[in-house]
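Student: Could you walk me through reading a structure like this one? I'd like the general idea each time, then the real case.

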Amino acid sequence: MLPRSSVVPMPLLREPAAPGRADTLVVMLPGRFDRPQDFVREGLVADLKGRRADVDVLLADAHLGYYMDRSVLDRLREDVIGPARRQGYRQIWLAGISLGGFGALGYAARHGEEPGGKVDGVLAIAPYLGSDEVIRAIGREGGPQRWLASPAKLGANDLEQDVWQWLAHPPADAPPVFLGYGRGDRMGSAHRLAAGLLPDGHVMHVDGGHDWAPWRALWQQWLVQGPLAPSAVRPA
C-alpha cells in the first residue's frame, strides 16, 4: 500500500462535532495504515466520551506520508497543538497507536515543552520505537543508556534516537508518558526496553498482539486508571 501524499494543513476530525469547548483536549494519532475514523469505528472515542464527557477529541490524519517527508512534527505543532493552545485548552494530551505512538513521543521529545506547543502528557499504545536494526543494537549494547553513550548510535537529527534519548534522560519538566502494549506484540522487545525507563504505574500490558483488540483493552485500562480518569481529575 503506497503512502498518501501529505497536505497542508493536516486534515483534522473533531469527534463528536459539537459546539463549545472543554478544558481538556485529547489528540489521537493513527497507526501506519489506519485512518482517524478507525478510532470511532473501533469504539475508542465512545470509550473516552463515556468516561469523560468534559473532554474534546481531535483525530489527526497523521498518516505515513507525513513521516516519510519528515513533516509530521511540524504539522502537529502548526496545525494541531499550536492552534489548540491559542483556543485556550488548559490540558492537551497526545494519544497514539503504533506509528502514531512514535509520532506522539517524537513530538513530545522535540516540541513538547515549547511555549505555545506544550503537551501535558503522552499515551503511546504499541508504539513503533525504531527499526529492527536499532532495537537489536540497543539490546547488544545492554540497554538504551549504554547505546546512547556508544559511538555506534545513529547520527544527529534522527527522530528514533531523539525519542530514546528523551525517554532515557527526560528533562525535569517533561510531560508524563504512559506506555501500553500487548504481551504478544511483534515489537514487544522494544516496548520492554522502553518500559524499563518509565516510572512505576506508567506501563500497562495485556494479552494479545499488534491489533485493535489489545489496543482497545489498553485504552480502556488507561481511561480507568490513568490521569484522565474522572476520579483523578481535580477542580482547578
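**Reading a fold, step by step**

Tutor: Let's start with a loop: Ala53 sits in the one between α2 and β3. Helices (H or I, at least four residues) and strands (E, at least two) are DSSP runs, numbered from the N terminus. This is a predicted model, where local features need pLDDT of at least 70, side-chain atom pairs count only at pLDDT 80 or more, and totals for chains, interfaces and linings use all residues. Residues are numbered from 1 along each chain as its sequence is written, and side-chain values use heavy atoms, with hydrogens and water left out.

Student: Is Ala53 buried or exposed?

Tutor: Buried means under 20% relative accessible area, exposed over 50%, and partly exposed in between (1.4 Å probe, protein chains only). Ala53 has 65% relative accessibility, so Ala53 counts as exposed. Now try Asp56, which is in strand β3 (residues 55–60). Asp56 has 8%, so Asp56 counts as buried.

Student: Which residues does Asp56 touch?

Tutor: Contact means heavy atoms within 4.5 Å. Leaving out residues up to four places away in sequence, Asp56 touches Arg14, Gly20, Arg21, Ala22, Thr24, Leu25, Val26 and Tyr89.

Student: At what angle do α2 and α10 cross?

Tutor: Axes are lines fitted to C-alpha atoms, for helices over the stretch in contact, and angles run from 0 to 180 degrees between N-to-C directions. Helix α2 (residues 44–51) and helix α10 (residues 212–225) cross at roughly 15°, and their axes come within 10 Å. Angles under 35 degrees count as roughly parallel, over 145 as roughly antiparallel, 65 to 115 as roughly perpendicular and the rest as oblique. So α2 and α10 are roughly parallel to each other.

Student: Which residues meet there?

Tutor: From α2, you'll find Leu44, Asp47, Leu48 and Arg51; from α10, Trp212, Arg216, Trp219, Gln220, Leu223 and Val224. Here's the general idea: an α-helix has 3.6 residues a turn, so residues three or four places apart point the same way. As for burial, Trp212, Pro214, Trp215, Leu218, Trp219, Trp222 and Leu223 in α10 are buried.

Student: And how are α4 and α5 arranged, parallel or perpendicular?

Tutor: Helix α4 (residues 72–86) and helix α5 (residues 99–111) pack at about 85°, their axes 10 Å apart. That's why α4 and α5 count as roughly perpendicular to each other.
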